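The exercises below go with the model shown next. Each has a task sentence and a solution in steps.

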Amino acid sequence: MTSFADLAACETDDPVLIAVRDRAITLLLATSVVQELDELRIAVVDFDRATPAVREDYFTPNCMALVQEHGIVVNASFLRSAEIAIRAMGLSGSVFATPFLRQESEMFGLVRHLRDRPQEYGLALRTLASAESERRRRDELALALVFFLGHEIGHLRQGEERRGFTTELPEGTALETQLAAATAKYCRHADELRSFGFDLPGFETVFTRGGEVRVAADAVLASLPENEVINHDTWFRDESRADACGTEVLLQALQAVELWKDAAEPGAYLAVRSLFAVSVVSWFQDLFRLMQQVNEEVDPIGLSQFMLELMRDRHNYVRASSVLGSDHRFTLLRAALAMDRVLQSSPAEPVQERLNIDALQRAALVRLLMDMAVKLATMGASTAWMLEKDKTRGTPQLFMMQFESLASELSRLQRLGE
Amino acid sequence: MSNEELRMRIAGEVQSAELARHAKRRSVAAGELFEAILLAMSAEPGPFRQVELTKLAVHCRTLWFEDLALFAFAQAARESENIGEHERASTLMIEVGSLYSRLANLDEAAFWYQRARTAGLAHSCYANAASASTNLATLAMAREDWSAAHRLASDSVDFLCRQPNPRTEAITRAVLILLAEHLDRPIDEALDHARTLFGALAKAPVPEQVRKDAAAALDRQVHKYLSAHPEVDGPTWKHAQLPALW
């Protein structure tokens with residue numbers, strides 16, 4: 001049995017990550033949420049250097065709250081992925097000039113670098129930064145870390161042991177195969193997305209209690225052990241509460257005026273950029289892994305082929321539920337809600353109009369990019385009913401859901417600004 | 001691995017990237033081009049590494065892999081400095097600045113143009129220093145810092161006296177005509193630049209739009225001047241001032 005102290009031997013020795021961790025801790029210490037804690041220990045761990053015993057006891061693919069030990073473990077690789085997302089998106093000064101946002105295959109190119117050459121690509125991006133830009137990128141990463149840690153602090157405050165920041169779809173993970181589990185997940189996400197105004201006009205019956213679509217879904221859900229449904233509902237609520245804490249911690253960190261007086265750009269603006277980069281890249285990582293499993297060739301499959309795959313076999317909706325996360329809010333929704341709070345809060349210092357516009361565009365694009373998740377959740381929640389109808393009819397009915405491409409979302413964003 | 005073997009492997013990666021791109025597998029192409037850059041980086045420091053990185057940078061830029069092009073150009077610039085090819089180094093720094101400009105990252109663009117200007121001046125590469133300075137002037141114009149833009153573009157003209165470059169000078173003169181309008185300078189200043197732009201530099205290889213914009217700005221300044229001086233016979237005066245244009 002190892003203890004939190006054993007993590008010291010494998011804490012990251014990466015000077016950039018150490019500087020970012022220290023900046024994040026300084027920001028955290030300025031928040032009342034952290035000041036009210038009796039104790040807080042943070043370890044950014046390089047698990048490649050950890051002993052098997054430490055790995056066994058403390059491994060997390062992202063972050064993990066340890067209530068008994070008043071600690072939070074952050075996987076250095078997870079932080080490096082966030083760093084790459086922030087630096088890659090930071091190459092451009094506007095969403096409209098960001099090469100990765102031109103089309104899905106550009107984002108998938110970035111995802112491939114993250115998967116195949118994270119170390120080398122990360123170092124390449126580091127060498128490109130001027131001193132001024134380096135300060136911005138480190139502050140953005142520190143703010144992302146503050147958000148991740150704030151989420152974990154939420155778990156610590158609620159006494160929720162060993163909870164993570166996110167449900168990832170790790171490389172090689174098998175996709176969901178059970179209709180009941182997928183339906184539970186889709187219903188949960190569809191209900192929540194709708195409660196925040198992300199709905200699909202024309203599909204209201206999916207959400208009507210007692211309606212035939214919902215009755216079919218409920219019949220499938222009845223096959224799940226009752227405890228499983230209750231547990232997931234509870235965990236989902238816990239995670240949403242932890243997110244609220246993460247956002248609160250982030251907002252308090254941004255209000256620490258003294259800590260932002262020498263920053264290259266206003267903290268609120270950097271926070272929006274950071275949330276944008278990390279959430280969008282994370283979403284495309286999940287999408288890449290999903291598409292790769294539906295069809296090995298990610299690029300040619302693209303969105304249109306993916307739509308055809310969903311139309312060809314309704315069970316692909318079951319598999320696709322894997323991208324929405326089991327106990328956590330949808331990635332882009334988490335970012336959108338946090339961005340909204342940051343944009344609505346009064347900034348510690350005035351933000352130039354140019355930066356304000358850019359921040360609003362990033363927040364709006366995250367919302368537009370939720371198109372696929374909303375459609376997947378809505379159609380996924382209807383899958384049980386559609387399968388039932390197919391069975392009654394004796395033949396499947398073709399149904400194709402059209403997803404908006406990155407290019408069309410960007411041109412929509414451009415039109416919004418005109 | 002010998003340089004020849006490396007060259008073959010780099011060519012192989014580039015070829016694979018081309019095949020992938022033509023098969024609409026752009027994300028695969030991105031991975032293969034990055035592998036090619038890493039191979040070039042694995043070569044011993046020196047001219048071979050510099051040449052291979054430059055070739056890859058140009059290739060990536062042409063294919064719109066800006067992240068990879070930025071990295072390869074920046075590394076090639078560093079390599080050029082290390083082997084004492086200062087003129088090439090400043091040219092490559094300007095390429096990095098231009099790419100950042102394409103990505104609307106004006107702070108980083110300014111950083112690299114400034115580096116190119118400083119390096120150019122330090123090693124008597126005045127044409128490159130002028131080009132970088134004119135690019136800095138256009139960035140200052142984008143920030144509406146007209147006086148800084150004027151100073152930077154005027155510096156370029158001075159640098160070009162030491163090492164002429166018709167293209168850079170034509171662009172610089174056009175920029176100065178636009179700036180003369182913004183700064184409400186005496187008409188003679190814009191006319192001086194216009195005489196060079198439409199006279200000695202009439203055949204300088206610049207996009208036609210550069211001359212069109214300059215001519216339009218000049219027309220507006222002349223119109224304003226003539227409105228304030230009704231005693232002057234416009235057509236005669238204009239022809240006398242700039243027969244090449246009027």
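**Exercise 1.** How many residues has α6(B), and what distance does α6(B) reach from its first C-alpha to its last?

Solution. The model is predicted, so local features need pLDDT of at least 70 and side-chain atom pairs count only at pLDDT 80 or more, while totals for chains, interfaces and linings use all residues. Residues are numbered from 1 along each chain as its sequence is written, and chains are lettered from A and ligands numbered from 1 in the order in which they are written.

Step 1. Helices are DSSP runs of H or I with at least four residues, and strands are runs of E with at least two, numbered from the N terminus. α6(B) has 17 residues.
Step 2. The expected span of a helix is 1.5 Å times one less than its number of residues. α6(B) reaches 24 Å from its first C-alpha to its last, close to the 24 Å expected.
Step 3. A residue is buried if 20 or more other C-beta atoms lie within 10 Å of its own, exposed if 12 or fewer, and partly exposed in between, with C-beta atoms placed from the backbone. The buried residues of α6(B) include B:F111, B:W112 and B:Y113.
Step 4. Two residues are in contact if their C-beta atoms, placed from the backbone, lie within 7 Å. The buried residues of α6(B) pack against α7 (131-158) of chain A, together with α5 and α7 (126-142) of chain B.
Step 5. Just after α6(B), B:S124 has a positive phi of about 60°.

**Exercise 2.** Where is B:S98 placed, and is B:S98 buried or exposed, or in between?

Solution.
Step 1. B:S98 belongs to helix α5 (residues 86-102) of chain B.
Step 2. B:S98 counts as partly exposed because it has 17 C-beta neighbours inside 10 Å.
Step 3. The C-alpha atoms of B:S98 and B:W112 are separated by 8.6 Å, and the two residues are 14 residues apart along the chain.

**Exercise 3.** Which residues of α10(B) are buried, and which are exposed on the other side?

Solution.
Step 1. Helix α10 (residues 187-200) of chain B has 14 residues.
Step 2. Buried in α10(B) are B:A190, B:H193, B:A194, B:L197 and B:F198.
Step 3. These buried residues fall within an arc of 115° down the axis of α10(B), so they line one face of the helix; the arc is that of the directions from the helix axis to the C-beta atoms.
Step 4. An α-helix has 3.6 residues a turn, so residues three or four places apart point the same way.
Step 5. B:D188 and B:G199 are exposed on the other side of α10(B).
Step 6. The cover over the buried residues of α10(B) includes α9 (166-182) and α11 (208-228) of chain B.

**Exercise 4.** At roughly what angle do the axes of α5 and α11 of chain A cross?

Solution.
Step 1. Axes are lines fitted to C-alpha atoms, for helices over the stretch in contact, and angles run from 0 to 180 degrees between N-to-C directions.
Step 2. The axes of α5 (residues 104-116) and α11 (residues 267-294) of chain A come within 9 Å and cross at roughly 85°.
Step 3. α5(A) and α11(A) are therefore roughly perpendicular to each other, a class that runs from 65 to 115 degrees.
Step 4. Among the residues that meet are A:F108 and A:L110 in α5(A), and A:F284 and A:Q285 in α11(A).

Notes: Parallel < 35°, antiparallel > 145°, perpendicular 65-115°, else oblique.
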